[in-house]
Amino acid sequence: QECDRAGEFRHQCMLSVGRDLSNDVRIGNTRAVAQKCELVSHENRLACMRGVVYALIDNTWDGRYALPFCATFNQENDQNACVRISAEYLAATFEKSPGEIAKECDTHFREPARCAALASR
């Protein structure tokens, strides 16, 4: 609700909320963070998950926290969006190859084939 009051900065606000929530993922409250992102919809939800994923990947340079976080969303379309966001960030920011991202999927996602397919899109 506070981010809705931010006007033109709503998107940045939601990214920031996600980044702040990422600390809870690292201490094991993964599903609780996904639930908080699920409270908002559309671009706000994507911005929240993007903020979480970016912060998680920034800390480790891999998918060890981000990909398991993605798996905790209730809806498959949210899981898929989260995996795609993670893969795009790993590729663009950390120059991970498709093969390296597939290995991240094998190591950190409960459905590695689905993860790798989403990451290659």
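Modeller: Helix 5 passes helix 7 in a right-handed crossing. The model is a predicted one.

Colleague: How are two packed helices described?

Modeller: In general, one gives the angle between the axes of the two helices and the distance between those axes. Here, the axes of helix 5 (residues 76-94) and helix 7 (residues 112-119) come within 8 Å and cross at roughly 60 degrees. Helix 5 and helix 7 are therefore oblique to each other.

Colleague: Which residues of helix 5 and helix 7 make the contact?

Modeller: Helix 5 contributes Glu-76, Gln-79, Asn-80, Val-83, Arg-84 and Ala-87, while helix 7 contributes Arg-114, Cys-115, Leu-118 and Ala-119. By type, the residues of this contact between helix 5 and helix 7 are 5 nonpolar, 2 polar and 3 charged.

Colleague: Take Gln-79 from that list. Is Gln-79 buried or exposed?

Modeller: Gln-79 lies in helix 5. Its relative accessibility is 6%, so Gln-79 counts as buried. With neighbours within four places in sequence left aside, Gln-79 is in contact with Cys-70, Ala-71, Phe-73, Asn-74, Arg-110 and Arg-114.

Colleague: Which residues do salt bridges that share partners join into one network?

Modeller: Glu-76, Glu-111 and Arg-114 are joined in that way. Arg-114 has a relative accessible area of 16% and is buried.

Colleague: What are the surroundings of other salt bridges, such as the one between Glu-2 and Arg-5? Are Glu-2 and Arg-5 buried or exposed?

Modeller: The side chains of Glu-2 and Arg-5 meet at 2.8 Å, N to O. Both Glu-2 and Arg-5 are exposed. Another salt bridge is formed by the side chains of Arg-64 and Asp-62, at 2.6 Å, N to O. In that pair, Arg-64 is partly exposed, with a relative accessible area of 41%, whereas Asp-62 is buried, with 10%.

Colleague: Which residues does His-108 touch, not counting those up to four places away in sequence?

Modeller: His-108 touches Gly-63, Arg-64, Leu-67 and Pro-68. The place of His-108 is in helix 6 (residues 98-108). Along the chain, His-108 and Gly-63 are 45 residues apart, and their C-alpha atoms are separated by 6.6 Å.

Colleague: Which residues meet in helix 1 and helix 3?

Modeller: In helix 1 they include Met-14, Leu-15, Gly-18, Leu-21 and Val-25. Among those in helix 3 are Ala-47, Cys-48, Gly-51, Val-52 and Tyr-54. The residues of the contact between helix 1 and helix 3 divide into 10 nonpolar, 6 polar and 6 charged.

Note on methods:
Residues numbered from 1 in each chain as written. Predicted model: local features only at pLDDT ≥ 70, side-chain atom pairs only at ≥ 80, totals over all residues. Heavy atoms only, no water. Axes fitted to C-alpha atoms, helices over the stretch in contact; angles between N-to-C directions. Helix = DSSP H or I, 4+ residues; strand = E, 2+ residues; numbered from the N terminus. Parallel < 35°, antiparallel > 145°, perpendicular 65-115°, else oblique. Left-handed = near helix turned anticlockwise from the far one by under 90°. Contact = heavy atoms within 4.5 Å. Nonpolar A, V, L, I, M, F, W, Y, C, P; charged D, E, K, R; others polar. Salt bridge = Lys/Arg side-chain N within 4 Å of Asp/Glu carboxyl O. Buried < 20%, exposed > 50% of the residue type's maximum accessible area, 1.4 Å probe, protein only.
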